[in-house]
Amino acid sequence: MNRIAFIGGGNMATALIAGMIRHGAQPGGIAVAEPRAEALQELSREYGVATYTDNLDAAEGAGILVLAVKPQKLAEVCLHLRPAVQKYRPVVISIAAGIRIAQIERWFDAALPVVRCMPNTPAMFGAGATGLYANARVSAPQRAQAQHVLDAAGLTVWVPDEDQIDVVTAVSGSGPAYFFLMVEALENAAFAQGMSRETARALAAQTAMGAGRMLVDSGETAATLRQRVTSPNGTTQAALESLQADHFPAIVARAVDAARRRGVELSELMESQS
Ligand SMILES: NC(=O)C1=CN([C@@H]2O[C@H](COP(=O)(O)OP(=O)(O)OC[C@H]3O[C@@H](n4cnc5c(N)ncnc54)[C@H](OP(=O)(O)O)[C@@H]3O)[C@@H](O)[C@H]2O)C=CC1
Ligand SMILES: O=C(O)[C@@H]1CCC=N1
């Protein structure tokens, strides 16, 4: 595998690096650039990867360049990396929400193979879900390289057009937070019913884990699994009817659309600033 450089060593880069190392990647082949000294120390201690404070040093000679900074920082990061990118012409993998491939190429002032993808933080445990889209300059071997990097994070899915990456972002990129909110709400509801915080937390978390495992391992649809829990006129039916009366599916649909629109907005915001 080519040397790979991560620009930005925050939450998502750390999750991806953890997945790669667990998948057998050599730490010596992974470079990370990041301004926070303590984050670099942690990455070096935990995973043995090479760490840099200067993005250009990390990008030197890299065959794969992963852009893992906040979308709002990406233009300035690309402009600074321009000389290295124009010299080494790496495959660029961007995980930045919203930012479009055409913007990245413009900021690098180069026609490059760019894979735009959207992973999620369960990548940390190899349980991530990533959507990927490649521009026409990405060759079949480069596509396989990008997929190899993200396979270490869990499930990978290629989407047929770039706009769908904004949908992936809204569904699985941000998605873990929706489930965490659900678990928080369940935990708080149990606490409000008089249960200890500790027991409420354990029950809510284990239920999320069990439901997730059933969804992935049973091969059944969510609807089928839901129906199996729901005894006629039983307790689950009472809860589901309450959720329906409160328009739970519409609430989720609106939330997903808000996330998708925010992705588009982030791209437009960077357009107006660059
Ligand atoms: N978190 C998530 O679940 C997901 C995030 N993403 C995307 O991943 C990207 C990173 O998000 P996330 O990891 O959550 O964010 P973080 O803030 O945790 O990570 C970004 C890191 O980049 C560092 N940084 C800032 N400026 C520079 C620079 N000029 N050069 C190099 N590094 C820099 C930041 O340091 P400092 O804190 O000092 O600014 C920070 O440590 C975003 O674009 C986001 O859209 C994609 C999928 C899921
Ligand atoms: O909230 C965000 O913007 C990023 C992208 C997907 C998950 N976290």
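Which element gives the largest share of the shell around ligand 1, and how many residues come from it?

Tutor: The model is predicted, and for that reason local features need pLDDT of at least 70 and side-chain atom pairs count only at pLDDT 80 or more, while totals for chains, interfaces and linings use all residues. Residues are numbered from 1 along each chain as its sequence is written, and chains are lettered from A and ligands numbered from 1 in the order in which they are written.

The element you are asking about is α1, which gives three residues to the shell around ligand 1, the largest share. In all, 27 residues surround this ligand, and the closest are G8, G10, M12, A96 and A97; a residue belongs to such a shell if its C-beta atom, placed from the backbone, lies within 6 Å of the molecule. By kind, the shell divides into 15 nonpolar, eight polar and four charged residues, where Ala, Val, Leu, Ile, Met, Phe, Trp, Tyr, Cys and Pro count as nonpolar, Asp, Glu, Lys and Arg as charged, and the others, Gly among them, as polar.

Now consider the helix itself, which runs over residues 11-22; helices (H or I, at least four residues) and strands (E, at least two) are DSSP runs, numbered from the N terminus. The 12 residues of α1 should span 16 Å at 1.5 Å a residue, and its end C-alpha atoms are 17 Å apart, so the two values agree; the expected span is 1.5 Å times one less than the number of residues.

M12, A13, T14, A15, L16, I17, G19 and M20 are the buried residues of α1, where buried means 20 or more other C-beta atoms within 10 Å of a residue's own, exposed means 12 or fewer, partly exposed lies in between, and C-beta atoms are placed from the backbone. These buried residues pack against β1 (4-7), β2 (30-33), α2 (37-47), β4 (64-67), β7 (128-134) and α6 (140-151).

This packing leads on to the largest nonpolar core, which has 59 residues, with A5, I7, V32, L65, V66, L67 and I93 having the most contacts inside it. Such a core is a set of buried Ala, Val, Leu, Ile, Met, Phe, Trp, Tyr and Cys residues joined through C-beta atoms within 7 Å. Helix α1 gives the most to this core, with six residues. As for A5, its contacts include A31, A33, L65 and V66, leaving aside residues up to four places away in sequence; two residues are in contact if their C-beta atoms, placed from the backbone, lie within 7 Å.

Lastly, the setting: the protein chain has 12 helices and eight strands, and 34% of its 274 residues are buried. UniProt, in an unreviewed entry, lists residues 3-98 as "domain: Pyrroline-5-carboxylate reductase catalytic N-terminal", with positions in the numbering used here, a shortened feature name, and annotations that may be inferred rather than shown by experiment. Over residues 3-98 the chain is 45% helix and 20% strand, and the end C-alpha atoms are 26 Å apart.
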